[in-house]
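The following report describes selected features of one protein model. Please examine the sequence and the structure before reading on.

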Amino acid sequence: MTTTPALPLAGWRVLVPRPAAGRSPAVVALAAAGAEAVVVPLIETVPPEDPTELDDALLALESGWYGWLVLTSAAAVPVLVDRAQETAGGLAQLLADGHVRVAAIGPGTARALRDVGVEPALVPRGASTSRALVDAWPEPTEPARVLFPRGDLAATTVTDGLRQRGWDVTDVVAYRTVPAAPPPAEVRESWSDGTIRAALLTSASTVRELAARLGPPPTSTFLIGIGPSTAAEAARLGLPLAGVATEQTMLGMVDALTRAATTVLPAPATSPEEL
């Protein structure tokens with residue numbers, strides 16, 4: 001007789017600081033690994049205070065002025081969907097009318113686009129970084145103009161890189177990142193005493209808010225970064241990571257946590273087979 005091996009994260013509570021719209025894929029993946037997701041937004045994305053510039057850009061996109069639309073975060077997708085409803089009747093139709101190709105920085109952003117009926121023409125292989133996106137970008141074709149709706153905290157890597165390659169890039173703020181409401185007292189206590197055993201860090205701004213709102217975790221807490229920029233911010237703040245996702249998605253982060261946990265912690269004991 002053999003016993004069923006324990007799930008790799010059985011009994012763990014894992015902080016998921018920035019849930020996606022609806023049920024986060026991380027919640028499902030964590031449950032499948034035996035863990036409980038503690039969903040506590042640390043940041044929120046909100047529309048720009050004045051959407052006029054974004055609305056004008058979407059009208060130009062619909063008219064065919066831009067050849068490409070590039071997105072480096074899934075957070076931009078619901079904002080574009082909302083503004084396109086106001087100006088053009090729908091994002092997918094707007095892009096079709098303008099014969100616009102769409103580039104996504106990685107699988108998470110690509111999935112968000114597909115969920116609203118938009119199939120990206122370019123998703124770089126490997127790391128989901130701005131540099132990888134620029135490196136994968138094609139040579140200029142007419143119209144050699146790119147619209148980049150970005151967050152207010154986005155780096156200039158994409159804008160500068162595409163301009164150096166000969167593209168005319170218009171970047172416009174599509175959303176702002178602001179702190180969310182303070183975490184509940186129970187979450188702060190569970191973080192401090194190590195009851196929450198891990199956290200998924202989804203962006204550099206999430207790392208900063210985690211440090212500001214919850215403080216440094218116990219040394220036994222596993223921190224998982226979604227990619228290089230998040231890892232760099234964690235290092236700057238003195239927060240050691242147990243792992244970094246190889247695929248920059250919530251599912252990739254859960255995979256990285258599972259690998260880290262099974263590598264560092266001893267495997268659960270199993271009963272020998274009875275003969």
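Thr221 is buried, because its relative accessible area is 9% (buried means under 20% relative accessible area, exposed over 50% and partly exposed in between, with a 1.4 Å probe and protein chains only). The model is predicted: local features need pLDDT of at least 70, side-chain atom pairs count only at pLDDT 80 or more, and totals for chains, interfaces and linings use all residues. Residues are numbered from 1 along each chain as its sequence is written, and side-chain values use heavy atoms, with hydrogens and water left out.

Thr221 belongs to the loop between α9 (204-213) and β9 (222-225); helices (H or I, at least four residues) and strands (E, at least two) are DSSP runs, numbered from the N terminus. Not counting residues up to four places away in sequence, Thr221 touches Trp191, Ile196, Arg197 and Ala198, where contact means heavy atoms within 4.5 Å.

Helix α9 has buried residues of its own, namely Ala204, Ser205, Thr206, Val207, Glu209 and Leu210. Their cover includes β1 (13-16), β3 (43-46), β7, α8 (185-192), β8 (198-201) and α10 (228-236). Just after α9, Gly215 takes a positive phi of about 80°.

Strand β1 is covered on both faces: Arg13 and Leu15 are buried on one side, and Val14 and Val16 on the other. In a regular strand the side chains alternate between the two faces of the sheet.

The largest nonpolar core has 28 residues, and Leu61, Leu69 and Leu95 have the most contacts inside it. Such a core is a set of buried Ala, Val, Leu, Ile, Met, Phe, Trp, Tyr and Cys residues joined through side-chain atoms within 4.5 Å. Elements supplying at least two residues each include α2 (52-62), β4 (68-71) and α3 (76-87). A second, separate core of 22 residues includes Val16, Ala29, Leu200 and Ala245.

Two loops hold backbone features of note. His99, in the loop between α4 (91-98) and β5 (101-104), has a positive phi near 50° although it is not glycine. His99 counts as exposed because its relative accessibility is 70%. Pro143 lies in the loop between α6 (130-136) and β6 (145-151), and the peptide bond from Glu142 to Pro143 is cis, with omega near -10°. Most residues other than glycine have a negative phi, and most peptide bonds are trans.
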